[in-house]
Amino acid sequence: MTVDERTLDQVARLVAGGRRNVAFTGAGVSVESGIPDFRSAGGLWERFDPADYATIEAFRRDPAKVWQMYREMGELLDRAEPNAAHRALARLEDLGRLEAIITQNIDNLHQEAGSRRVIEFHGNARRLVCSCGRVESAAEVKRRWAAGEDFPPRCRSCGAVLKPDVVLFGEPVPQEASREAMRLVQHPDVLLAVGTSAVVAPASYLPVVASKTGGTIVEINVERTDLTGTYAAYSLFGPAGEVMPALVERVEGLLERDRSPT
Ligand code: NAD
């Protein structure tokens, strides 16, 4: 971790003093849980180019091909557990210093860490949806595969191929998530942008709106991003699993100090 103590203290004071803090998370927050981001070397995405697999056109053209990737990703997600960054964000909510998490991730790890208010901007791979409106669970489909049922999975009502309930490139963000996220990023005190390259639109507009409406943007990332030196007032460079617990520990210290009798 290359964050200096002074900067961490400054950010902790802002977070402790904020009533409307929001986290905006991306694939980087789950890298330490073993789920590669789009850049990780040797990961899933080296074999399955997102441009070929993660688009709605590709799914419509050849759902079985795209399902090869989702089957593998499903196995990865089943093995993954929340890491220290997910837990620190859940703790921040418990402390009353995080209103919500807007996540671009589809892995459910914030919820598994105990976060209660999670806006799924790009959906959740644990659910599967059909064009007829039926929703099934990925766990149920896995049980059917184990029993030797067909691949790719088909809807029990109409027989169409099911799609993971995730936003593929070329698909719109679910309206409710989009509306809620937009509301949350208007005039926040602090927006913590954790493990996101902040380049995938329209999610990438959220920190911009937060900044333009007076929020302080703090990014936590292992490397520079488009937010660095532009919208981010603070850039804390280091693995989210180290930086986030260090930050939340300081926030907790400040809150305890404020509560203790003088
Ligand atoms: P991205 O792959 O574009 O960027 C990830 C960012 O995380 C990078 O800036 C990287 O430097 C940073 N990072 C990597 N390891 C980190 C760590 N240990 N600590 C802190 N930062 C770290 O991801 P994105 O911005 O989320 O956008 C890509 C899209 O891919 C999103 O829409 C997301 O839905 C999807 N995606 C999701 C998952 C998941 O659900 N876990 C995984 C891969 C991709």
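This is a predicted model: local features need pLDDT of at least 70, side-chain atom pairs count only at pLDDT 80 or more; totals for chains, interfaces and linings use all residues.
Visitor: Why is Lys163 called buried?

Guide: Buried means under 20% relative accessible area. Lys163 has 11% relative accessibility, so Lys163 counts as buried. Lys163 is placed in strand 6, residues 163-166.

Visitor: What makes the pairing of Lys163 with Glu171 a polar contact?

Guide: A polar contact needs a pair of N or O atoms within 3.5 Å. The side chains of Lys163 and Glu171 make such a contact at 3.2 Å. Setting aside residues up to four places away in sequence, Lys163 also touches Ile56, Phe59, Arg127, Leu128, Val129 and Leu168.

Visitor: Why is Gly96 called partly exposed, and why is His187 called exposed?

Guide: Exposed means over 50% relative accessible area, buried means under 20%, and partly exposed is in between. Gly96 has 40% relative accessibility, so Gly96 counts as partly exposed. His187 has 52%, so His187 counts as exposed. Gly96 is in the loop between helix 6 and strand 2, whereas His187 is in the loop between helix 9 and strand 7.

Visitor: How do you know that the length of helix 11 agrees with its number of residues?

Guide: The expected span is 1.5 Å times one less than the number of residues. Helix 11 has 20 residues, 240-259, and should therefore span 28 Å; its end C-alpha atoms are 28 Å apart, which agrees.

Visitor: Which elements do the buried residues of helix 11 pack against?

Guide: They pack against helix 1, helix 6, strand 7, strand 8 and strand 9. The buried residues of helix 11 include Ala240, Val243, Met244, Leu247, Val251 and Leu254.

Visitor: What makes a group of residues a nonpolar core?

Guide: The members are buried Ala, Val, Leu, Ile, Met, Phe, Trp, Tyr or Cys residues, joined through side-chain atoms within 4.5 Å. The largest such core has 30 residues, and Leu192, Ile220, Leu236 and Met244 touch the most other members. Helix 1, helix 6, strand 7, strand 8 and helix 11 each give two or more residues to this core. Helix 11 gives the most, with nine residues. Apart from this core lies another, of 29 residues, among them Leu109, Cys130, Val141 and Val161.

Visitor: Which residues is Leu192 in contact with?

Guide: Neighbours within four places in sequence aside, the contacts of Leu192 include Val15, Phe24, Leu89, Val218, Ile220, Met244 and Leu247.

Visitor: Which residues are closest to the ligand?

Guide: Ala27, Gln104, His122, Ser197 and Asn221 are the closest of the 28 residues that surround the ligand. Oxygen atoms of the ligand are 2.7 Å from a polar backbone atom of Ala27, 2.7 Å from a polar side-chain atom of His122 and 2.6 Å from an N or O atom in the side chain of Ser197. On its own the ligand has 850 Å² of accessible area, and the protein covers 94% of that.

Key:
Residues are numbered from 1 along each chain as its sequence is written. Side-chain values use heavy atoms; hydrogens and water are left out. Helices (H or I, at least four residues) and strands (E, at least two) are DSSP runs, numbered from the N terminus. Buried means under 20% relative accessible area, exposed over 50%, partly exposed in between (1.4 Å probe, protein chains only). Contact means heavy atoms within 4.5 Å. A residue is near a molecule or strand if one of its heavy atoms lies within 4 Å of it. A polar contact is a pair of N or O atoms within 3.5 Å; within protein, one must be able to donate a hydrogen and the other to accept it, and residues adjacent in sequence count only if both atoms are side-chain atoms. Accessible areas come from the Shrake-Rupley method with a 1.4 Å probe; for residues, only the protein chains shown count as cover.
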